[in-house]
Amino acid sequence: MENLSLALGRALWVFLLAMIGSTTSQPLGGESVCTARPLARYSITFIGKWSQTAFPKQYPLFRPPAQWSSLLGAAHSSDYSMWRKNEYVSNGLRDFAERGEAWALMKEIEAAGEKLQSVHAVFSAPAIPSGTGQTSTELEVHPRHSLVSFVVRIVPSPDWFVGIDSLDLCEGGRWKEQVVLDLYPHDAGTDSGFTFSSPNFATIPQDTVTEITASSPSHPANSFYYPRLKSLPPIAKVTFVRLQHSPRAFAPPSLDLASRGNEIVDSLSVPETPLDCEVSLWSSWGLCGGPCGKLGAKSRTRYVRVQPANNGTPCPELEEEAECAPDNCV
């Protein structure tokens, strides 16, 4: 009886060890295991599509003009999250989204790599000095670190950015050859400014990350508020292309050719977002003037707050007259 109990105990212990081993080898969240080749390299091309034609409202033309910050990203496992919709951003991402300062975010990524071994590599790409244009770099992913996240700040803006959260470049036993995604603006939830050039106005308490849409925030002053649209056009696009194993097999196109070709393609596909005229409220009526014994006239005015663009609703009359009894007849 004692031998039987001992045998059962050993069997149970072996079973528990097997269960622990299988559990620790699985990624968090129950996602599928990547069994692709040990390493894969990708080129990443970020294309800014923030044009005055697609986004005419309050489009920044100077101090500073529309542009994109440098791109900062990481290849990581499911243990790490750079940012996530409906969750609070870290202090590092707050600094990046509000001011474009990457130091604290880099330290957070480095700490996650050292403590949790959840980050395989960090990558970056140069800034784009205008709203339209492109920048590119390369990155390396590993079966245990097949997820990719990155952020690019919208400049100028209170705390707005675009990016990708935990894109998996592995699909079962193979690496994806190419991934193309449209990108839309997000609010980091740390500044309550409504417009591109709003002064600093901290959100207290801090809010979570939200996607900015044509109707949200639902305030006419918001720079992305286009009530006639069901959805905003993409403000940027990103393309991942898997590279050959040998570095010599990949010959990137020259920057001039890539830029020129991209401009031609984008110019044909840029949507014309209609922007309706917006006018102020009427002023008070002016004094009623006219000769004694006859009806006089008074007037009031209003001014254009937003000029129409791209076949938007034209502006109404800016001056209105009405008959009246003269206040001081002559």
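Predicted model: local features only at pLDDT ≥ 70, side-chain atom pairs only at ≥ 80, totals over all residues.
1. Next, the overall make-up. The chain has four helices and 16 strands. It has 330 residues, and buried residues make up 38% of them. Look also at how contacts run along the sequence. Take the contacts with a separation of 6 or more: residues 24 or more positions apart account for 73% of these.

2. Helix H2 spans residues 91-99. Its buried residues are Gly92, Leu93, Asp95, Phe96, Ala97 and Glu98. What do they pack against? The partners are strand E2 (67-76), helix H3 (103-115), strand E5 (147-155) and strand E6 (160-168). Just after H2 comes Gly100, with a positive phi of about 75 degrees.

3. Now the charges. The structure holds 14 salt bridges. Asp95 takes part in two that deserve a look. One joins the side chains of Asp95 and Arg94, at 3.4 Å from N to O. The other joins Asp95 to Arg99, with the closest N and O atoms 2.8 Å apart. Asp95 and Arg99 are four residues apart in helix H2, so about one helical turn separates them.

4. Arg94, at 29%, counts as partly exposed. Arg99 is also partly exposed, with a relative accessible area of 45%.

5. Another salt bridge links Arg174 and Glu171, and here the closest N and O atoms are 2.6 Å apart. Arg174 is partly exposed, at 45% relative accessible area. Glu171 counts as partly exposed too, at 42%. Elsewhere, salt bridges that share partners form a network of Arg94, Asp95, Glu98, Arg99 and Glu101.

6. Turn to the aromatic rings. There are 10 aromatic pairs. In one of them, the ring centres of Trp50 and Tyr59 are 5.8 Å apart. Their planes meet at 70 degrees, so the pair is edge-to-face; the cut-off for that label is over 60. Trp50 is buried, with a relative accessible area of 0%. Tyr59 is buried as well, at 15%.

7. Trp160 and Phe196 make another edge-to-face pair, 5.6 Å centre to centre with 75 degrees between the planes. This pair links distant parts of the chain, 36 residues apart. Trp160 sits in strand E6, while Phe196 is in the loop between strand E10 (186-187) and strand E11 (210-211). Both residues are buried.

8. Ring pairs also build a cluster. Its members are Phe46, Trp50, Phe55, Tyr59, Trp68, Phe150, Trp160, Phe196 and Phe224. A charge over a ring can be found at Trp285: Lys298 lies over the face of this residue, 5.0 Å from the ring centre.

9. How many disulfides are there? The count is three. Cys34 and Cys170 form one of them, with sulfur atoms 2.1 Å apart. The link is right-handed, at 90 degrees about the S-S bond. Cys34 is in the loop between helix H1 (2-24) and strand E1 (40-49), and Cys170 is in strand E7, 136 residues apart. Cys34 is buried at 13% relative accessible area, and Cys170 is buried at 6%.

10. Cys277 is joined to Cys315 by a disulfide, 2.0 Å from S to S. The torsion about this S-S bond is about 95 degrees, so the disulfide of Cys277 and Cys315 is right-handed. The two cysteines are 38 residues apart, in distant parts of the chain. Which of them is buried, and which partly exposed? Cys277 is buried, at 14%. Cys315 counts as partly exposed, at 28%.

11. Last, Cys288 and Cys324 form a disulfide with sulfur atoms 1.7 Å apart. This link is right-handed, with 100 degrees about the S-S bond. Cys288 lies in the loop between E13 and strand E14 (296-301), and Cys324 lies in strand E16, so the pair ties together parts 36 residues apart in sequence. Both count as buried: Cys288 at 7% relative accessibility, Cys324 at 11%.

Technical notes
Residues numbered from 1 in each chain as written. Heavy atoms only, no water. Buried < 20%, exposed > 50% of the residue type's maximum accessible area, 1.4 Å probe, protein only. Contact = heavy atoms within 4.5 Å. Salt bridge = Lys/Arg side-chain N within 4 Å of Asp/Glu carboxyl O. Phe/Tyr/Trp six-rings, centres within 6.5 Å; stacked < 30°, edge-to-face > 60°. Lys NZ or Arg CZ within 6 Å of the ring centre and 35° of its normal. Disulfide = S-S within 2.5 Å.
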